Amino acid sequence: MATLTRPFAKAGELESTGGSASPSLIARMRGWLAAWLPAIPLLLLIGTCLIAPVLVLIWESFTGMGESGLSLDLWFKVLGQRVNQNAIFTSLILAALCSTVTLAIGAPLAWMISRMLRGSRAFWLGLLNVAANFGGIGLAFSYTATIGTVGMLTLIIQGLGFGYSAPREGSLPALLMAYEYANVPLFVLLTIPAMSIVRDDWWEAAQVAAATRFTFWRRIGIPILTPFLAAGWLLIFTWTLGIYGIAYGLAGQSGATAVNLITLQIGTALQSDVLLGPGRAAILAVVLMIFATVSLVLYRVMLRRALKWL
């Protein structure tokens, strides 16, 4: 009898608990809310402050002419203007120059700081943090007051008898010098963690194999660090494209004639272009976002390739 009643008892148990054997829809919803509830404020912030403005800019770039439907007429008109073409070209040239100079200065500096003792490294990291977060109008004013055409250091050098002439504010060399003050510290802070990948025992092993320092860096050090340095170059390139405060502080109202940049042209369109202002600014902003998106995608590709050494 025990062997006959045991299967029936199990079947009864399954029938009585069959509804609770699989999770219900309410239980799944509770689990989903419990998992995503901490992220809901962040998602709302991203949707309100990032995704919604992007969608509005894209919509205005196709409807800026006041037409009822979508049209590419404004795109052809804005991108066909010489001033906007020069602004895009000059912005790319300036960003590439700043990134290259930053790489040439920041890579050796990051390597030296990564090999310092803990106390010295902490001091330099704190100093670089302060410099990397100093920008905008304040940095433009500091440049003008120190190494501008009538800056303190410029007048001191000229007073010593040297025929030094500072770059004109708003010119490409002046913007390059001002940008590097913040770009180099930022690049160093971004690439210092990557410098620890090159281990000291690799250099010791190379010495055992009778390799010179030049051979070590050509075959081991530089190939390993290249993806990280290229990723840092792309970040500085993207960062430089979007700078507005320093350029406006140095160029002022003559920014449209001294040097054409995308960010300056967006500001000019919003302030003085009555006919195509919002639409022109939206198109230039979308172009800027396209450049930034491409750079960030390439950054992710380079970083994924670099992380194989970790």
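**Close-up views of a helical protein model**

In this predicted model, residues 24 or more positions apart account for 71% of the contacts in the protein with a separation of 6 or more, a contact being heavy atoms within 4.5 Å. The protein has 15 helices and 0 strands; helices (H or I, at least four residues) and strands (E, at least two) are DSSP runs, numbered from the N terminus. Of its 310 residues, 32% count as buried, where buried means under 20% relative accessible area, exposed over 50% and partly exposed in between (1.4 Å probe, protein chains only). Residues are numbered from 1 along each chain as its sequence is written, and side-chain values use heavy atoms, with hydrogens and water left out. Local features need pLDDT of at least 70, side-chain atom pairs count only at pLDDT 80 or more, and totals for chains, interfaces and linings use all residues.

**View 1. The largest nonpolar core has 18 residues.** A nonpolar core is a set of buried Ala, Val, Leu, Ile, Met, Phe, Trp, Tyr and Cys residues joined through side-chain atoms within 4.5 Å. Leu94, Leu175, Tyr179, Ile246, Ala247, Leu250 and Leu261 touch the most other members. Two or more residues come from each of α5 (82-114), α7 (136-147), α9 (172-195) and α12 (245-251), and α9 gives the largest share, 5 residues. Not counting residues up to four places away in sequence, Leu94 touches Leu172, Leu175, Leu176, Tyr179, Thr240 and Leu261. A second, separate core of 17 residues includes Val78, Ile266, Ile283 and Ala285.

**View 2. Helices α7 and α9 pack at an angle of about 120°.** Their axes are 10 Å apart; axes are lines fitted to C-alpha atoms, for helices over the stretch in contact, and angles run from 0 to 180 degrees between N-to-C directions. From α7, Leu139, Tyr143 and Ile147 meet Ala174, Met177, Ala178, Tyr181 and Ala182 of α9.

**View 3. Gln265 lies in helix α14 (residues 262-272).** Gln265 is buried because its relative accessible area is 1%. The side chains of Gln265 and Arg280 are joined by a polar contact of 2.5 Å. A polar contact is a pair of N or O atoms within 3.5 Å; within protein, one must be able to donate a hydrogen and the other to accept it, and residues adjacent in sequence count only if both atoms are side-chain atoms.

**View 4. Gly135 lies in the loop between α6 (118-132) and α7.** Gly135 counts as partly exposed because its relative accessibility is 35%. A distance of 9.8 Å separates the C-alpha atoms of Gly135 and Asn183, which are 48 residues apart along the chain.
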